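Good morning. I will go through one structure today, and I will give each term its cut-offs when I first use it.

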Amino acid sequence: MYDTPDIADRHDAVCVVGAGASGLAAIKNLREQGFAVDCYERETSVGGGWNWRHDRSPVYASTHLISSRPMTEFPDFPMPDTWPDYPHHSQVLSYLERYSAHFGLGEHIWFGTEVVSAVLVGDGRWDVTTRSTGGGASRVQRYAAIVVANGHNWAPAPLRVEGDFRGEVIHAAAFKDPAQLRNRKVLVVGGGNTGCDIAVEAAQQATTVWHSTRRGYWYAPKYLFGRPADQVNAGLLRWRLPLRLRQFLYRRTLALTTGDLTRYGLPVPDHRPYEAHPVVNSQLPYYLGHGLIKAVPDVARFDGASVELADGSRIEPDLIITATGYLPRFEFLDPGLLDSDPDGRPDLHLHAFARKHPTLAVVGLLQPDAGLLPLAHWQSVAVARWLRLRVSDPARAAAVQQKESARTLRSWSRRQVVPTRRHWFEVDYLAYLRTVESLLREMEPAR
Ligand SMILES: Cc1cc2nc3c(=O)[nH]c(=O)nc-3n(C[C@H](O)[C@H](O)[C@H](O)COP(=O)(O)OP(=O)(O)OC[C@H]3O[C@@H](n4cnc5c(N)ncnc54)[C@H](O)[C@@H]3O)c2cc1C
């Protein structure tokens, strides 16, 4: 009925966009549910952001995991026990390459091929237009469903400041190598994990380092009581300690370890612990304490060679690195399909399922307080089972959809976070996994 001569019909096959960690998990789990899968990847190899040769990769030479190894690995494919607690980015890439090889995912991926548009056709299927990144004609193929795993850490969010600056300004995405910092006067803007990492790197390379943050944060060390801090936190969550008690313990623990950072000029946090994405950095307090990083307030405006700060003071860096985060981008989809607001923030059930389009899902659009990969795994298991249920038992699928639509946002999103773009996709990893688990149970075959 919807056949046209230019469109190759892939019948029940599912299209996956992107072969980073999330796309690989999606291919594997869709295959396990018996789907034919065509994955399109604009780069020429797997790994997404963890492959620092990819032109859009956000990682820099010294990037190590912020979440610890056991909290980051896929549940069905452990990282080697001999690896460190916080592997280097090259190890994460090697891990993803091994995952792809182990599950035979490569044969389902079309490398060097970009998805340029995905259009919903009348029967809930998708016309996906792809184009080789090396040039050439585009192709249109029709799929039963589309799973988007295009990542949300590659389109730099710009720093908007009045005035002009005469020196060099780059986004953190363009920071790759410590040599870029050597003997420079560097201003790092942004108090997230990337901003702190780069400030620490600059402290070892640059002649002067200013670190500008808009608000105070709770800077957690990478280790607590000899264990990676996220594993200690996971223990507290498993015991189901009330939030207020966890906040109290967090404050006490930081007071005893990191200490009071306001004496280095950092602002007092304007939120309670757990109300912002965790910033984990053991070295920042060390370099602040050695005077090698100077904490400064928000940037007010640029003025030629100077930068005016919110307290009226002026500094004269020659390099500004804006660690101002990334924006989600879905250029190949009409924003209405994801119920995106004018700022580009999609509104998806569980940050994954399009509310009005049961054959459209996004995997990996999350910012958890632990590693992303386990969540991307379980999200893609849920997506694959959902797509299978729609085919095998449409009546049950409709019942599940109705029940799910009544699930409140509070049941799976981070309950209270500072309302900034940084927290659009923030989730408590354990609460989120429990919710996905209950969805999976609902979709289990009837006994
Ligand atoms: C500095 C930094 C540190 C981080 N540290 C951690 C950490 O410690 N732990 C952790 O769990 N996470 C961390 N992350 C998050 C990290 O993004 C995830 O671990 C993971 O890489 C996300 O995988 P993804 O597949 O969702 O996205 P990506 O890795 O971005 O992969 C998306 C893929 O889709 C492809 N693609 C995009 N658009 C198209 C298109 N139109 N057509 C075809 N292909 C397309 C891209 O080429 C890319 O290969 C960190 C991120 C950054 C920036």
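I start with burial: a residue is called buried under 20% relative accessible area, exposed over 50%, and partly exposed in between, using a 1.4 Å probe and protein chains only. At 10% relative accessibility, N193 therefore counts as buried.

Before going on, some background. The model is a predicted one, in which local features need pLDDT of at least 70 and side-chain atom pairs count only at pLDDT 80 or more, while totals for chains, interfaces and linings use all residues. Residues are numbered from 1 along each chain as its sequence is written, and side-chain values use heavy atoms, with hydrogens and water left out.

Now the overall layout. The domain assignment gives domain 1 as 5-155 + 326-442 and domain 2 as 160-322; such bounds come from an automatic or database domain assignment. The C-alpha centres of the two domains lie 30 Å apart. Contact means heavy atoms within 4.5 Å. Where the domains meet, 31 residues from domain 1 and 35 residues from domain 2 take part in the contact.

Back to N193. It is placed in helix α4, residues 193-205. Helices here are DSSP runs of H or I with at least four residues, strands are runs of E with at least two, and both are numbered from the N terminus. Setting aside neighbours within four places in sequence, N193 is in contact with I66, H277, P278, V279 and V280.

What is the span of α4, from its first C-alpha to its last? The 13 residues reach 19 Å, close to the 18 Å expected at 1.5 Å a residue. That expected span is 1.5 Å times one less than the number of residues in the helix.

How many of the residues of α4 are buried? The count is 10 of the 13, so the helix is largely enclosed by the rest of the structure. Among the buried residues are G195, I198, A202 and Q205. C196 is another, and its relative accessible area is 0%. The cover over the buried residues of α4 includes β11 (185-189), β12 (208-212), α7 (283-289) and β21 (319-322).

K185 stands opposite T208 in β12. Five of the five residues of β12 are buried, so this strand is also largely enclosed by the rest of the structure. T208, W210 and S212 point one way from β12, V209 and H211 point the other way, and all are buried.

For a second sheet, look at β18, β19 and β20. These three strands form an open sheet in the order β18-β19-β20, with antiparallel pairing. β18 (299-303) and β20 (314-315) stand at the edges with a single partner strand each, so one side of each has no neighbour in the sheet. Two bridges join β19, residues 306-309, to β20, and V307 stands opposite I315 in β20.

Next, the nonpolar cores. In soluble globular proteins, nonpolar side chains tend to be buried together. A nonpolar core here is a set of buried Ala, Val, Leu, Ile, Met, Phe, Trp, Tyr and Cys residues joined through side-chain atoms within 4.5 Å. The largest one has 57 residues, and those with the most contacts inside it are L24, L30, F74, V147, L387 and Y432. Helix α8, residues 373-392, gives the largest share of this core, 10 residues. A second, separate core has 28 residues, including Y60, A172, F175 and A202.

F74 is in contact with A21, A25, Y95, L96, Y99, L373 and H377, apart from neighbours within four places in sequence. S380 also lies in helix α8, and it is buried, with a relative accessible area of 2%. Beyond four places in sequence, S380 touches A25, A26, N29 and V363.

On to the cysteines. How many disulfides are there? Taking a disulfide as a pair of cysteine sulfur atoms within 2.5 Å, the count is zero. The sulfur of C39 is 7.7 Å from the closest cysteine sulfur, in C15, which is too far for a bond. C39 is buried, at 0% relative accessibility.

Last, R345. This residue is found in the loop between β22 (326-327) and β23 (348-349). Is R345 buried or partly exposed? At a relative accessible area of 34%, R345 is partly exposed. Leaving out neighbours within four places in sequence, R345 is in contact with D339, S340 and W424.

Notes:
Pairing = 2+ DSSP bridges.
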